[in-house]
Amino acid sequence: MALNVFDHDEYRPPVWKSYLYQLQQEAPHPRRLTCTCEGDNRPKYYGREYHGMISREEADQLLSQAEGSYLIRESQRQPGTYTLALRFGNQTRNFRLYHDGKHFVGEKRFESIHDLVTDGLITLYIETKAAEYIAKMTINPIYEHVGYTTLNQEPTLKKHLPQSPEAPDGPAPAKDDRNAEERLTSLVRRATLRESDLAAKYEKVHNFKVHTFRGPHWCEYCANFMWGLIAQGVKCADCGLNVHKQCSKVVPNDCQPDLRHVKKVYSCDLTTLVKAHNTKRPMVVDMCIQEIEARGLQSEGLYRISGFSELIEDVKLAFDRDGEKADISSNAYEDLNIIAGALKLYFRELPIPLITYDAYPRFIETGKIADAEKRLESLHEALKLLPPAHCETLRCLMAHLKRVTEYEKENLMTSENLGIVFGPTLMRAPGLDAMTALNDIRYQRLVVESLITNEDVLF
């Protein structure tokens with residue numbers, strides 16, 4: 001169990017560590033070395049920092065006057081390619097320069113050369129001065145002490161946090177840093193509310209995306225400053241966790257999605273959705289199954305006959321907009337096939353299928369086994385490859401489809417027919433050629449048919 005700062009007064013987590021922030025303030029400022037000559041061959045996306053086709057030696061001599069000075073030159077060895085020459089650490093450094101609408105020398109892309117150089121000088125300075133410190137940042141992270149959940153009661157937490165930060169590991173903070181606490185929106189937000197006992201205990205990896213933070217920001221894993229002008233770190237698109245890129249590699253798989261970030265139901269990762277809504281299964285699955293079973297499983301051609309696509313799309317939009325408050329009753333949609341179609345559409349639009357890409361080959365191999373007992377054993381092992389939320393949802397769906405087959409005399413839907421309908425819906429493999437995909441349809445049907453028939457044994 002993670003420590004709770006409300007219960008353990010002896011622990012006082014640092015609100016921030018200012019060493020790296022101080023270094024960013026000390027980094028050399030960019031000094032553009034202006035070319036006084038008029039050149040006809042200057043690319044339109046460069047300014048007077050462009051000096052034409054000069055040698056490394058000439059660039060070095062021009063830049064030797066001041067730290068942080070820079071210019072752009074065209075390569076003598078490869079005409080048409082350009083080099084950023086930058087003075088740092090009393091030597092001239094040369095970087096191959098690219099432009100595709102934005103300027104870049106590595107992963108980061110900048111609107112202007114000035115911003116590129118500013119960010120580069122900050123990065124070079126910090127990584128030179130604090131290489132050892134950066135290497136050790138993740139050794140005693142704040143993350144391990146305050147735990148991890150999404151906290152909506154930020155003002156309450158602020159009363160419990162220490163009024164002054166722990167002594168920094170590096171030089172003293174700059175004077176203009178006195179209001180930094182007000183800017184720490186994300187670090188303060190995530191503290192110590194225990195996860196609800198009702199929450200499904202599914203493990204989920206964070207969905208990190210490179211992010212540009214406005215204003216000073218601190219890593220929510222190690223509590224250190226996130227340096228640079230743009231793309232200073234990564235942000236989890238599902239829960240909002242902000243960390244350094246290097247810290248993201250050691251953050252536990254304990255993402256707690258937040259409904260403020262998870263905006264839709266359809267086309268949303270299944271585990272993300274159930275954790276965001278604090279349920280065992282996607283609410284769209286439970287609600288659709290409940291509605292179908294309440295109205296009658298005897299409906300002829302259930303799941304085989306398609307409802308009107310426009311109305312199925314309406315149901316999808318209702319779930320995306322209203323979540324569990326979506327109205328899918330007979331008053332809103334009289335045709336039961338619309339609800340059945342909406343359920344099938346949900347599974348088709350999952351970014352990772354219910355039977356995941358990773359598990360797909362094992363399930364297909366299972367479908368190829370002729371012996372019923374051996375196929376059952378193989379299916380049992382294959383199910384272990386599914387993430388818990390996927391396995392639980394598959395269990396619920398198969399139990400429902402088993403109940404559908406109990407009325408096969410009325411609805412004409414046998415386990416074989418349902419296998420034909422749901423095989424391609426629940427199982428998809430990326431990158432298969434057309435012939436292989438066509439051959440797999442047969443085994444997809446057999447897998448789903450076996451799951452329905454043996455639902456009581458497998459789950």
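The side chains of Lys384 and Glu381 meet in a salt bridge, with 3.2 Å between N and O. Lys384 is exposed, at a relative accessible area of 54%, whereas Glu381 is partly exposed, at 36%. This pair belongs to a predicted model that holds 22 salt bridges. Side chains of opposite charge can pair when their charged atoms come close.

**Further salt bridges**

- Asp456 pairs with Lys402 in a salt bridge whose closest N and O atoms are 3.9 Å apart.
- Because Asp456 lies in helix H19 (residues 455-458) and Lys402 in helix H15, this pair ties together parts of the chain that are 54 residues apart in sequence.
- Asp456 has a relative accessibility of 53% and therefore counts as exposed, the cut-off being over 50%.
- Arg281 forms a salt bridge with Glu392, and their closest N and O atoms are 2.5 Å apart.
- The Arg281 and Glu392 pair links distant parts of the chain, 111 residues apart. Arg281 sits in the loop between helix H9 (270-276) and helix H10 (283-295), while Glu392 belongs to helix H15 (residues 388-405).
- Both Arg281 and Glu392 are buried.
- A network of salt bridges links Arg281, Asp286, Glu392 and Arg395.

**Overall make-up of the chain**

- The protein chain has 19 helices and eight strands.
- Of its 459 residues, 50% count as buried.
- The accessible surface of the protein chain comes to about 23,200 Å². Carbon and sulfur atoms account for 49% of that surface.
- Among contacts between residues at least 6 apart in sequence, 67% join residues at least 24 apart.

**Nonpolar cores**

- In soluble globular proteins, nonpolar side chains tend to be buried together.
- The largest nonpolar core in this model has 67 residues. The members that touch the most others are Tyr303, Phe319, Tyr346, Phe363 and Leu426.
- Helix H12 (residues 336-348) supplies the largest share of this core, with nine residues.
- Leu426, one of those core members, is in contact with Phe347, Pro353, Leu354, Ile355, Leu394, Leu397, Met398 and Val448, leaving aside its neighbours within four places in sequence.
- Another core, of 44 residues, lies apart from the largest one. Its members include Leu84, Cys219, Leu241 and Cys255.

- Asn242 is found in strand E8, which covers residues 242-243.
- The relative accessibility of Asn242 is 1%, so this residue counts as buried, the limit being under 20%.
- The side chains of Asn242 and Lys235 are joined by a polar contact of 3.2 Å.
- Between Asn242 and Tyr221 there are 8.0 Å in space, C-alpha to C-alpha, and the two are 21 residues apart in sequence.
- Thr118 has its place in helix H3 (residues 113-129).
- With a relative accessible area of 14%, Thr118 also falls under the 20% limit and is therefore buried.
- Not counting residues up to four places away in sequence, Thr118 touches Pro30 and Leu229.

Note on methods: Residues are numbered from 1 along each chain as its sequence is written. This is a predicted model: local features need pLDDT of at least 70, side-chain atom pairs count only at pLDDT 80 or more; totals for chains, interfaces and linings use all residues. Side-chain values use heavy atoms; hydrogens and water are left out. A nonpolar core is a set of buried Ala, Val, Leu, Ile, Met, Phe, Trp, Tyr and Cys residues joined through side-chain atoms within 4.5 Å. Buried means under 20% relative accessible area, exposed over 50%, partly exposed in between (1.4 Å probe, protein chains only). Helices (H or I, at least four residues) and strands (E, at least two) are DSSP runs, numbered from the N terminus. Contact means heavy atoms within 4.5 Å. Accessible areas come from the Shrake-Rupley method with a 1.4 Å probe; for residues, only the protein chains shown count as cover. A salt bridge is a side-chain nitrogen of Lys or Arg within 4 Å of a carboxyl oxygen of Asp or Glu. A polar contact is a pair of N or O atoms within 3.5 Å; within protein, one must be able to donate a hydrogen and the other to accept it, and residues adjacent in sequence count only if both atoms are side-chain atoms.
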